[in-house]
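Hello,

I am passing a structure on to you, as you have not worked with it before. Please have a look at it first, and then read my notes below.

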Amino acid sequence: SLSKLQLKTGDLDPRLFSRLRHLQKLDLSDNLLDKFPNSLALPDLRVLNCNNNKLEDVTALKQFPLLEELTYENNVHLTFNDDYKVIFLLENLRLLNGKDITKLANHVRRVSSRKLTSKVTAHWEKFFRDQLPEKHTAEQVRSIKEKFLESAQANIVYGPSSLSEFTRWRVKMIAEEFLSCSLGLQLNTDPEPEEEMEESEEEATESPREAAVDSQVAAFVSALQVTVKPSKRKRNNSKSGSGNKRSKSQANTKEEAEENVSAEPLHFLQCHSKGNSREDFKTQLWSGTFEPLLDSGAKKDPVVSSSRTVATCGGESVCLIDCETGMVLKKYKVAAEEFFSVAWTTLTMVNSESQRRSHNILAAAGRRGIVKLIHVASDFCYGEIKAHKKPIATVCFSPARETHLFTASYDKRIALWDIGIPDSDYNFKASQLLLLEAPSIPLRIALVPTCPEQYLLAGCESSCCAWNIKLDKEKKSRTFEAIFQFPDEDGEVTSSHRVDGLAFLNDDVVVSKSSKPGCIYLWSWTRTFDMTAKGCQRTVSAVILAELEWSSTDLSYLTLSTCPAKGYVFCGDEKGSVWMYHLSSYITAWSSPAKGKRSEKRIPPVQILKWPELRANGEQLAEILVNNVVADPTFSYLVVLTSVNITAIWKKS
């Protein structure tokens, strides 16, 4: 509480406030403040009282993106227009001057934004599109920008006249975004100091609004100037195991020896930069998943049910990328967020004319514990679910029920949500169906393909477990039914190990990666877990089918993925390389009536894709970790997500 201290704006020293990283409630009432400094840096502020001051502007409050309750009564210079501005800028705001603004916020952030965007676009098309020459100079850009902004603010009308100031403010913002994103015209054409330009850009790009989906942001991709010198490493030339004390002799079937997987580097994109900075090589990229095709039929054959569009996440943004062209189709940002995971589902929605249509919905979640629900085709984030109070490590939709979403959190819980189906006005109702208690933080989750409504596996910080998730049981909060044991470095079995990679290769074979020591096991679900057994919390030794030869690193969180339709496993390493394993022949042997014994030899990769030589500003990028690798179901494209803010796309020829 800093109330009644005669404080002026200059008394709010950013050097002091920047040390209050966990401050949640601040009372500045009954002072002499006329504005807020732009850099108070209170990232966790939730409640702010500014009653009885002399405030003249509220836009600086956008620096508090987690703010939920705000009061600024008896500031005589503030009007209804300021109320609307602050509702738009603060996406988490629930109470303003003691009133619940949830319904009003939906209109301000979504409905009015859509209508104003439509009006701005129409204004450009009608009056200005033909005024800009195909080959234009900087002076012509400056001139038409100024004329368009002035005309749009003067002529576009929406809502009551008492809110005309807010409307002009939003029209200017939307018009600037339209010029920058859709037409490629630079916003900062005035000769301002570099520092001020960066601040202005941050104001435009980090505004934490729901519908901030940028289209055609390919201009930011070109920031990385690269020289690509691919160096591929085939399995039979690999020496990767020579320095690994756990390495065994390589398997050598005729099929493997003749296999030659050809993949070429296609694109290297720097599209998750904070503030669109060309110098950002620190943002970590964590997750990617290919968009399903809407016309793939009821059976959803995985070979034909995905497109060449991939959703990737890292830092404050989610990007949709066309793998063939390298074009960033859309970009969605939330200030103060760090996205860790994305997942697709397809919902059948009813429009305003009572027509049923299938639409792809993208769920994105991360550090704030909030799931964002994005209707990609409409460029619209229509809602959010405050799923956990701690970060969400990963999310996934049930293949059996399109509205069922699992969220695994740092609070050591996995929640099952029914996200509902939004109506034509994007109203929806989400509800929690289950809460699974984990022994440690769940890092990766996978539903058992043969019974996705009955069992879920999770790789955790200290174990690998299975839960019964059948909804016909009365108990909504559950502990795990089984914890799995794996060999340790000394050959003994243990259930205490970090599992940072987990996926099914087919209906039965599980691929899991344990760090420290780094090893990848393939094991049988049906031979390990007896689904008919009764009772809870039993310890089970995994029936190991084989171990994959991999890097000797003990670094964690370099996760793996599978391409079940083609029988592939992918895993990146600490040097930017991708290890590829083709296991179709092994799968056949493991599924034979004889139930083949465990292979004593570690299975080597059929190929290691080496990281090419990339240069940024003349310097070669180093220390590249591959956090994740994903392939489309047909294995036409391979998307590599790194620790240096680069998305690499390889194409299989």
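This is a predicted model: local features need pLDDT of at least 70, side-chain atom pairs count only at pLDDT 80 or more; totals for chains, interfaces and linings use all residues.

The helices are α2, which covers residues 80-89, and α3, which covers residues 102-127. They pack with their axes 9 Å apart, at an angle of about 80°. Angles of 65 to 115 degrees count as roughly perpendicular, and α2 and α3 are therefore roughly perpendicular to each other. Which residues make the contact? From α2 come Y84, I87 and F88, while α3 brings in L104, A105, V108, R109 and S113.

N52 is not a glycine, and yet it has a positive phi of about 55°. Where does N52 lie? Look in the loop between β2 (47-49) and β3 (69-71). N52 has a relative accessible area of 32%, so it is partly exposed.

Y557 is not a glycine either, and its phi is positive too, at about 70°. You will find Y557 in the loop between β31 (543-548) and β32 (560-563). With a relative accessible area of 32%, Y557 is partly exposed.

Conventions:
Residues are numbered from 1 along each chain as its sequence is written. Side-chain values use heavy atoms; hydrogens and water are left out. Helices (H or I, at least four residues) and strands (E, at least two) are DSSP runs, numbered from the N terminus. Buried means under 20% relative accessible area, exposed over 50%, partly exposed in between (1.4 Å probe, protein chains only). Axes are lines fitted to C-alpha atoms, for helices over the stretch in contact, and angles run from 0 to 180 degrees between N-to-C directions. Angles under 35 degrees count as roughly parallel, over 145 as roughly antiparallel, 65 to 115 as roughly perpendicular and the rest as oblique. Contact means heavy atoms within 4.5 Å.
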